[in-house]
There are 2 protein chains.
Amino acid sequence: MVTILDVAKHAGVAPSTVSYVLTGKRAVSAGTRVRVRQSMELLGYRPCVTSAHSRTNVLALVLPLREGVHLPVVMRFVTAVVTAAREHGMDVRLVTADGGAAGLRGLANGGRADAFLVMDVELDDERVPVLREMGRPAVLIGHPAAVTGLTCIDLDFEAAGARCVDHLADLGHHTIGFLGAPSVVYARNTGFARRTLAGFRAAAVRRGLTSTALPTEAGGGAADAGVGALLAELPEVSALVVQNEAVLGRVVECLRAEGRRVPDDVTVMAICPDELAGRLRLTSIQLPVDVLARRAVELVMAKLDGRQPPALTLLPPKLSPRSSFRR
Amino acid sequence: MVTILDVAKHAGVAPSTVSYVLTGKRAVSAGTRVRVRQSMELLGYRPCVTSAHSRTNVLALVLPLREGVHLPVVMRFVTAVVTAAREHGMDVRLVTADGGAAGLRGLANGGRADAFLVMDVELDDERVPVLREMGRPAVLIGHPAAVTGLTCIDLDFEAAGARCVDHLADLGHHTIGFLGAPSVVYARNTGFARRTLAGFRAAAVRRGLTSTALPTEAGGGAADAGVGALLAELPEVSALVVQNEAVLGRVVECLRAEGRRVPDDVTVMAICPDELAGRLRLTSIQLPVDVLARRAVELVMAKLDGRQPPALTLLPPKLSPRSSFRR
DNA sequence: ATGACCAATCGAAGCGTTTCGATTCGCCGC
DNA sequence: GCGGCGAATCGAAACGCTTCGATTGGTCAT
């Protein structure tokens, strides 16, 4: 096995100098740097993690697979994060265990990753204090209620909820419904779900619309039940906002089965990845998974380099018009 | 940060004793063991990777994201591996860089993972020699031409290809087509693609059927081109085997657009995860992603425990009958 | 010529863990 | 009562890398 010492000998420098070439923590003259790099190349050197304080080149992606999270969407994030991380020479360690705050602290202490990306963030997330004090760069995809001392990136879900209402109100709709995430997601106070709902409700009041919002459970038949409940409560509903990728397709089918033409009788809007909405030909607020993931990786790499990015970056919602119907 | 030394002090033993409790490499009396374990619990000790020779509790999943690999299917594997690994207390490190043999050696030397799972295996894979000599447990999902000294698990794709032909021949079909993976996948000599094709061709000869096999590229319009090419070459085709998840749905649409009813005029069989085939209501050979992943993790954990599992485990193909049409 | 200063580099200590030879201790047979 | 034995435990070295104070050598103003 080739160590940093072998490289140093071969290049005729001290081991520490090789380390500085590697980490960039001190200046190394251009000549020395290329010589060391050449020796590394020649000897086939690979840095070894198993050594105190060494860099791991690992980005930990913390995504507890809890009830109510929709795997396909999560995996989209994983894919995007992995892709972006690779461009920075980082591998990704998937941390799916829901160790909560304790688990996170263990990871950080153990030096198992250089930096952290945290998903599925709750408004009052127990992991936040750990993130603040753990002394390793972390970025949240999503954001808790208080963001000071953190770095978060998120879609502006509150604006997204409002944007849907405005769009529908502008089209002349008076009675609209909202079908959201499974109820456990709201029960956990998951940020994106709570915020979208808040934005939706406030805007409905502001625009003077009649509205109802319901969660939608996972699993077969749940979409049918959700649509049924909504139609029962609000028979004259003429537009629907759906924020639940798992049931979206089924919701449209159900409406049609109930004899409501989509979009002629009921306009359906979705908040989801654009590709999914495109397939179903629905007007949507884009959930920009790739952008979020890429920006998150960039932010965390910036922090690794010692920069201090803003506490909160909110992406404005973008609307993809497809088949909204004017009343 | 709590170290092994703190635990040792607290429990009134030497640090080495704590280490032995942790690794089990030497006997420790029952009394001491529980005392040490209690101290760990109490102090919230977490082992630290960044230290020579220590265990990482990381399973490296090597899946180079090369041209022609279909991400959704790969991500299914990732999900399954992550789930299975968690049951053994292991996290998963996704290694997506195509570092080839050199990259793999670096990972192994660097002690960045306790064990390896390797995907996207070619018949003559350059990583195989490294796997043999690297001295860390590894399991291949897929298998190269020569498997001695390795541990591999795979669906028996050759049998799968043959099974499709037999099924169709039994139904009375005389002229059948095969639409496979993108051509780059064959060019790389990727095991599963090559073997399926070999099985398909041999069986077609054996059963005396007329057949044509074509690759199907990725991207929009590729399915149309593939179907077009196949129909041009074999206008009287009455059955089709598709081994390409990315284009499967589109292939069926194309056939219908060409005026061929599915399955009445053309029976379409798929080799893909059962769920996808079920959605499209196609007879299929199941690609048992979950089983493969789970067994692979079990095999690699067995090797970590010093056992020596067989070099090659082949799962027999299973057919899910759905809508094959009798001639 | 001199001293101050800065960039580049060195050498050694230190990180948290594993590993291995050495030591302790209790027990048994004689 | 003594030598021998094995299980349990200890202590220290070693692992490959980082870090930090110290040193070198060159430049520049005086």
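This is a predicted model: local features need pLDDT of at least 70, side-chain atom pairs count only at pLDDT 80 or more; totals for chains, interfaces and linings use all residues.

Trainee: How many residues does helix 7 of chain B have?

Mentor: Helix 7 of chain B covers residues 157-170, which is 14 residues. Helices here are DSSP runs of H or I with at least four residues, strands are runs of E with at least two, and both are numbered from the N terminus. From first C-alpha to last, helix 7 of chain B reaches 20 Å, close to the expected 20 Å; the expected span is 1.5 Å times one less than the number of residues.

Trainee: And is helix 7 of chain B mostly covered or mostly open?

Mentor: Mostly covered, with ten of its 14 residues buried. Buried means 20 or more other C-beta atoms within 10 Å of the residue's own, exposed means 12 or fewer, and partly exposed is in between, with C-beta atoms placed from the backbone. Among the buried ones are B:Phe157, B:Glu158, B:Arg163 and B:His167.

Trainee: Switching to strands, which way do the residues of strand 5 of chain B point?

Mentor: B:Cys152 and B:Asp154 point one way, B:Ile153 and B:Leu155 the other, and all are buried. In a regular strand the side chains alternate between the two faces of the sheet.

Trainee: What does strand 5 of chain B pair with?

Mentor: Strand 4 of chain B runs parallel to it, joined by two bridges, and strand 11 of chain B is also parallel, over four bridges. Pairing needs at least two DSSP bridges between the strands. B:Leu140 has B:Cys152 as its bridge partner, and B:Leu155 has B:Leu315.

Trainee: What's the order in the six-stranded sheet?

Mentor: That open sheet of chain B goes 7-6-8-9-10-12, with mixed pairing. Strands 7 and 12 of chain B stand at the edges with a single partner strand each, so one side of each has no neighbour in the sheet. Strands 10 and 12 of chain B are antiparallel over two bridges, with B:Ser284 opposite B:Ser320.

Notes: Residues are numbered from 1 along each chain as its sequence is written. Chains are lettered from A and ligands numbered from 1 in the order in which they are written.
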